[in-house]
Amino acid sequence: MKLQRMNRRALALGALAVSGALALTACGSDETGGGAGGDSSNAAAPSNVKCDDASGQVLADGSSAQKNAVDAWVKQFSAACKVEINYKAGGSGAGVTAFTQGQVPWAGSDSALKPEEVAASKKVCSGGQGIDLPMVGGPIAVGYNVPGVDKLVLDSATIAKIFDSKITNWNDPAIAKLNPDAKLPNLKIQAFHRSDESGTTDNFTKYLIATAKKDFPYEGGKAWQAKGGQSAPQSSGVAAQVKQTAGAIGYFELSYAKDGIKTVAIDTGAAEPVEATVENATKAIADAKVVGTGKDLALKLNYETKADGAYPMVLVTYEIVCDKGNKADTLPAVKAFLRYAASEDGQKILAENDYAPMPDDIIAKVRTTVESLS
């Protein structure tokens, strides 16, 4: 009897695996939720994902900051459309390089394309060029691991000094002044930064340069420039080091601040120190200005905001794609996926995964641009 029960269980699991595979490969005609939707053993596929003629496989690369968001989108999108999206998340620098070299039809970057990158994209975008579509927002959290310290407030000058090896111990007077009620230990600071070229690094250092230039005298960019510290690859790597290292501090997207990693509240000059939350990041992103031209929607963020509840250390991840001259074999799938990501449902998923949805006026422009891709 025990063997029979085991056999029945194995058969049931096998059926579930087969039905799950069917859900990933089935797609309705226009508005899908049909396809594999007749299988009651799976959650219904989203009924409002428009697949059109999308099919096949799409390889993409880029920002690790948005990996958790892309994973959530892919789960829903692939349940509706017969498309396999493989997002490598090798970092913004790797993504832009792969795009401008024609290796991927779409990339993610936490920094807008530079003029030389736009020029390079014209070689792969037949009759067009690469454009920036702001799709994912969120706070760059400063996570820390200091035994006995559950709440920590820092300002930009102190953060700059920590990451430039000018403040090296947790009981430093500058930290103590900002945290008069904390029991700061006599413990060496272990500051972790990204080892790979990263849009997260670019935005983190843009904030420090904008607000604490005297204490962070660097040009900034995707590659780390400050002195000292230790490095780890991608946001997940930095977060892992912070979690396992006593005395550690590092920067990464809020979605990586999981499993007990505490985050710093920033003293911006507002009435109260500002926590790294999706809502507080959205307040800051809403103050951004579109500075791109034509169909390019690159934004300029206001890192120096002192508005109450506005968390200024934010980044926006752009989906980079050709405005014209996209390859015919991947255009339907890329267009359908980006349409879903920019949709109301796609943006709602962001907030559920510790990301900030784009403000209404910005995402409306993104939706219009996605429909015009050719």
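A182 is partly exposed, with a relative accessible area of 26%, where partly exposed denotes the range between buried, under 20% relative accessible area, and exposed, over 50%, as computed with a 1.4 Å probe on protein chains only. This residue sits in the loop between α6 (173-178) and β8, and its C-alpha atom is separated by 9.8 Å from that of N171, a residue 11 positions away along the chain. The structure is a predicted model, in which local features need pLDDT of at least 70 and side-chain atom pairs count only at pLDDT 80 or more, while totals for chains, interfaces and linings use all residues. Residues are numbered from 1 along each chain as its sequence is written, and side-chain values use heavy atoms, with hydrogens and water left out.

The chain as a whole comes next. Its secondary structure comes to 12 helices and 15 strands; these are DSSP runs numbered from the N terminus, with helices being H or I over at least four residues and strands being E over at least two. Of the 374 residues in the chain, 51% are buried. Among the contacts with a separation of 6 or more, 73% are accounted for by residues 24 or more positions apart, a contact being heavy atoms within 4.5 Å.

Leaving aside neighbours within four places in sequence, I162 is in contact with L154, I167, I175, I189, A191 and I249.

The axes of α5 (residues 156-163) and α7 (residues 199-211) come within 9 Å and cross at roughly 120°, the axes being lines fitted to C-alpha atoms over the stretch in contact and the angles running from 0 to 180 degrees between N-to-C directions. That angle makes α5 oblique to α7, since angles under 35 degrees count as roughly parallel, over 145 as roughly antiparallel, 65 to 115 as roughly perpendicular and the rest as oblique. The crossing of α5 past α7 is left-handed, the term for a near helix turned anticlockwise from the far one by less than a right angle, with clockwise giving right-handed. In this contact S156, I159, A160 and F163 of α5 meet F204, Y207, L208 and T211 of α7. By class, the contact has six nonpolar, two polar and no charged residues, where Ala, Val, Leu, Ile, Met, Phe, Trp, Tyr, Cys and Pro count as nonpolar, Asp, Glu, Lys and Arg as charged, and the others, Gly among them, as polar.

Helix α8 (residues 234-244) includes Q234, which has a positive phi of about 65° although it is not a glycine. At 26% relative accessibility, Q234 counts as partly exposed. The buried residues of α8 are S235, G237, V238, A239 and V242, and they pack against β6 (130-145), β8 (190-194), α7, β9 (230-232) and β10 (248-253).

A positive phi is also found at A89, where the value is about 60° although the residue is not a glycine. A89 belongs to the loop between β4 (83-87) and α3 (92-100), and is buried, with a relative accessible area of 1%.

The last stop is N280 in helix α9 (residues 278-285). N280 is buried, with a relative accessible area of 13%, and its side chain reaches the backbone oxygen of E275 at 3.0 Å. Leaving aside neighbours within four places in sequence, N280 is in contact with V274, E275, G309, A310 and Y311.

Conventions
Polar contact = N/O pair within 3.5 Å; in protein donor to acceptor, adjacent residues only side chain to side chain.
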